[in-house]
Amino acid sequence: FTSTREIIEIDLEMEIIEVATKQEGTDTEYYSKAADYWENVTPTINGMLGGFAKISHTDIDGSNKFLKVLLKVENGPGTARALDCGAGIGRITKHLLTKHFDTVDLVEQDKHFLEKAKEYLAGNTKVGQLYCAGLQNFDFIPETYDVIWSQWVLGHLTEEHLKDFFVRCIKGLKPGGFLVVKENVTSNGEIEADDDDSSVTRPPELLREIFARANLEIFKEFKQNKFPKELYAVHMFALRAKKETDSSVAGVA
């Protein structure tokens, strides 16, 4: 039993919860190399965005418009709780998710980012739990979240672990909830690897295929606009569990 006073103290301190559980096959050099890379990245907006801090406002604006559409869906998500996946220092939590949800949890594998998040998000009473874990290992309490937001992080997961993560996400969503994926995509139909940070950028066709393998349906797919031309195209997907009898096809806006 936790007293009200203890809950208040925990909230004020924004305690970091280190998740020790590992999924099968995730203790590999591929993931440790990525962790090593991010350990040396400065915990700033510029660091989180690979030197492109200038796009943050445009990114949040596009995400905000997309999220507003989802929150108006009949029998869609509530606004009680959301999860920011690969949260970094909490940029998306601060500027997007806490504007719409009563409580926002963060999951991030790099502890020094979460330590910075406690400072960056100080005074924001909507911040919930801070989980220190890689998404390849993170699991969900069933029916916890109205929206799970996963952006610029899924390229770090292998294809099989990405599918497994999506399956776990669906378990963690409340009825009517959405998993949102916002990722860079290639335009040549090929997977492009970045050996420095141990990640890949996938073509949208492959992402859609992985969604299908995880028994997800695309409810909405939008393209982010107004980004510099030298950057990858960015797609936003709103996903939910596929209904057995649903044969509808979502269009690209």
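## Around helix H2

Let's start with H2: its buried residues pack against helix H3 (45–48), helix H6 (111–120) and H7. Some ground rules: this is a predicted model, where local features need pLDDT of at least 70 and side-chain atom pairs count only at pLDDT 80 or more, while totals for chains, interfaces and linings use all residues. Residues are numbered from 1 along each chain as its sequence is written, and side-chain values use heavy atoms, with hydrogens and water left out.

Helices (H or I, at least four residues) and strands (E, at least two) are DSSP runs, numbered from the N terminus. "Buried" stands for under 20% relative accessible area, "exposed" for over 50%, and "partly exposed" for what falls in between (1.4 Å probe, protein chains only). Contact means heavy atoms within 4.5 Å.

In H2, the buried residues are Tyr31, Ala34 and Trp38. They cover an arc of only 60 degrees around the axis, so they sit on the same side of H2; the arc is taken from the directions that run from the helix axis to the C-beta atoms. Glu29 and Glu39 are exposed on the other side of H2.

## The sheet

An open sheet is built from 8 strands in the order S1-S4-S3-S2-S5-S6-S10-S9, with mixed pairing. Two strands count as paired if DSSP finds at least two bridges between them. Strand S1 (16–18) and S9 are the edge strands, each pairing on one side only. From one strand to the next, the twist averages 20 degrees; axes here are lines fitted to C-alpha atoms (for helices, over the stretch in contact), and angles run from 0 to 180 degrees between N-to-C directions.

Leu179 faces Leu239 in S10, and Glu217 stands opposite Arg240 in S10. S10 has 7 of its 9 residues buried, so it is largely enclosed by the rest of the structure.

## Helices H7 and H8 on the sheet

H7 lies across S2, S5, S6, S9 and S10, and runs at about 145 degrees to S6. H8 lies across S6, S9 and S10, running at about 10 degrees to S10.

With 14 residues, H7 reaches 20 Å from its first C-alpha to its last, close to the 20 Å expected at 1.5 Å a residue (the expected span being 1.5 Å times one less than the number of residues). His161, Leu162, Phe165, Phe166, Arg168, Cys169 and Gly172 are the buried residues of H7. Down the axis of H7 they fall within an arc of 165 degrees, so they line one face of the helix. Their packing partners are helix H2 (29–39), S2, S5, S6, H8 and strand S9 (216–223).

## Nonpolar cores

A nonpolar core is a set of buried Ala, Val, Leu, Ile, Met, Phe, Trp, Tyr and Cys residues joined through side-chain atoms within 4.5 Å. The largest one has 30 residues, and Ile148, Leu154, Phe165, Phe166 and Leu179 have the most contacts inside it. At least two core residues come from each of strand S2 (81–85), strand S5 (145–151), helix H7 (159–172), strand S6 (173–185), helix H8 (204–213) and strand S10 (233–241). Another core lies apart from it, with 17 residues, including Leu67, Ile92, Leu96 and Phe178.

What does Phe166 touch, not counting residues up to four places away in sequence? The list is Leu154, Leu179, Val181, Ile210, Phe211, Ala214 and Leu216.

## Loop residues to look at

Phe52 lies in the loop between H3 and helix H4 (56–71) and is partly exposed, with a relative accessible area of 24%. Setting aside neighbours within four places in sequence, Phe52 contacts Asn46, Glu230 and Leu231. The C-alpha atoms of Phe52 and Glu217 are separated by 32 Å, at 165 residues apart along the chain.

Two backbone spots are worth a click. Ser198, in the loop between strand S7 (192–194) and strand S8 (199–201), has phi near 60 degrees, a positive value in a residue other than glycine; at 7% relative accessibility, Ser198 counts as buried. Asn215, in the loop between H8 and S9, has phi near 65 degrees, a positive value in a residue other than glycine. At 39% relative accessibility, Asn215 counts as partly exposed.
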